[in-house]
Amino acid sequence: MSDVILVSTRKGLFRIVRASTGWQIAVADFLGDNVTLTLTDPRDGVSYAALDHGHFGVKLHRSTASGWEEIATPSYPPKPEGLEENDMWGRPLPWSTARIWSLQAGGGGEPGVLWCGTIPGGLFRSADHGESWELMRSLWDHPKRRQWMGGGADLPGVHSIVVDPKDSKRTWIAVSTGGIWYTEDAGATWSQRGEGMRADHVPPELTHDPIAQDVHCLVQCPEHPARMWIQHHNGIFVSSDEGRTFTEITGVEPSTFGFPVVVHPRDPDTAWFVPEIKDEKRIPFDGRLVVTRTRDGGRTFEALTNGLPQSHAYDVVYRHALAIDDTGDRLAFGSTTGGLWVSENAGDHWAYVTHTLPPIYAVRFA
Amino acid sequence: MANVAFTQNIQRHVACRAAKAAGSSVREVMDNLFASNPRARAYVLDDQAALRKHMAIYVDGQLIRDRVHLSDPVTESSDIYVFQALSGG
């Protein structure tokens with residue numbers, strides 16, 4: 001059970017702690033700076049914070065006993081002389097880290113191993129707690145990587161990394177847009193996964209092409225790794241075979257459009273989403289902020305509203321801004337309008353923490 | 001040697017004191033300067049060692065033209081300013 005939540009915002013990193021009187025803002029770090037994502041490594045308790053200084057670029061910091069220290073930022077190797085690489089729109093694709101879009105700890109048997117997904121699409125691995133990073137050339141040089149496109153941002157990016165809790169050589173990533181990619185040999189080779197997804201933003205002949213899929217968020221049930229859930233640009237999809245095939249879930253009220261998804265750590269049939277109206281109208285339906293939950297593998301859903309604003313709420317919850325702790329009872333999410341809510345009973349009731357934070361990019365239990 | 005000064009805004013993140021550095025091009029001056037302050041390099045230059053998109057370098061009052069290779073010439077008495085563009089947000 002975690003009593004600490006790290007909230008990454010446009011203007012700093014906020015540490016929320018559970019006190020006897022409820023959840024409170026305890027510490028503000030990097031105040032005034034753009035913090036885009038954090039990771040707290042469950043193996044050693046060390047936290048990592050990604051910052052985007054705009055003019056001065058993306059930086060990565062690591063927690064110490066007395067605060068934070070800047071460590072190496074994943075950076076791209078020199079582009080080969082004469083190589084002209086354009087994205088799918090014909091614009092130059094820079095070999096330079098534009099955003100750290102995912103951070104994930106390696107397996108239990110490989111202390112110090114970290115994964116980092118970036119825009120414009122590079123996946124990096126560190127074997128030394130982030131002291132140094134290596135671009136996963138096997139994926140970057142994969143000929144199909146050139147077919148990845150911008151989705152969540154102008155350039156393609158790796159936003160989800162899933163390390164098999166029982167065999168860390170097996171790792172899945174999700175790309176916006178580029179679908180799901182899988183390695184079973186610690187990154188030596190990669191293959192596409194994700195049959196069954198549907199993309200409506202491309203011509204019919206590409207609709208079911210796994211590489212055309214705009215996955216918004218991919219999660220795996222730790223106790224039952226065969227079960228994966230996806231919040232996709234076109235809806236909700238579930239897999240029971242480690243992401244080989246997915247089935248679309250339809251008929252969920254008020255909507256199946258959104259960005260984040262979390263799954264219960266032990267119950268593969270229980271997952272939560274935060275819906276918005278639809279692609280071209282990214283606000284809560286009818287001004288009512290709701291969390292949707294299924295407890296039966298997607299056959300039925302409940303819209304959870306207890307404690308959430310039910311009129312004139314325009315909160316958007318980004319893909320990394322919904323979190324669940326290892327009990328499966330505690331959840332937290334934050335919104336673009338600075339709202340933060342915590343549930344201690346799997347979403348049945350939500351306690352309002354604050355609605356005055358800067359725009360929230362990521363929420364993670366520490 | 002050229003005189004190099006940095007925007008005040010960068011000092012909050014990494015110390016970049018005004019300094020003198022040798023070189024006949026902006027690239028050479030920057031390489032010499034950052035040799036003793038490698039952390040600052042990544043705040044000014046991107047992964048490919050090009051000038052970051054919203055950074056600006058002036059040599060004797062003129063914005064440099066070659067933001068990729070930093071080949072603009074520098075003299076022994078040049079004044080170089082490393083600034084950042086204005087932005088919102």
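This is a predicted model: local features need pLDDT of at least 70, side-chain atom pairs count only at pLDDT 80 or more; totals for chains, interfaces and linings use all residues.

Trainee: What does the model score for ipTM and pTM?
Mentor: The ipTM is 0.89 and the pTM is 0.95.

Trainee: Switching to chain B, which residues of helix H2 are buried?
Mentor: In H2 of chain B, which spans residues 26-35, the buried ones are Val26(B), Val29(B), Met30(B) and Leu33(B). Looking down the axis of H2(B), those buried residues fall within an arc of 95°, so they line one face of the helix.

Trainee: Nice! What covers them?
Mentor: The cover includes four strands of chain B: E1 (2-6), E2 (19-21), E3 (55-59) and E5 (79-84).

Trainee: Which elements of chain B have the lowest and highest mean pLDDT?
Mentor: H2(B) has the highest, at 97, while helix H1 (residues 8-11) of chain B has the lowest, at 91. For chain B as a whole the mean is 94, with 97% of its residues at 70 or more.

Trainee: Over to chain A, then. Why is strand E8 described as largely enclosed?
Mentor: Because five of the seven residues of E8(A), residues 99-105, are buried, the rest of the structure largely encloses this strand.

Trainee: How many bridges join E8(A) to E9(A)?
Mentor: Six, and the two strands run antiparallel, with E9(A) covering residues 114-119. In that pairing, Ile100(A) stands opposite Thr118(A) of E9(A).

Terms used. Residues are numbered from 1 along each chain as its sequence is written. Chains are lettered from A and ligands numbered from 1 in the order in which they are written. A residue is buried if 20 or more other C-beta atoms lie within 10 Å of its own, exposed if 12 or fewer, and partly exposed in between; C-beta atoms are placed from the backbone. The arc is that of the directions from the helix axis to the C-beta atoms. Two residues are in contact if their C-beta atoms, placed from the backbone, lie within 7 Å. pLDDT is the predictor's confidence in each residue, from 0 to 100. Two strands pair if DSSP finds at least two bridges between them.
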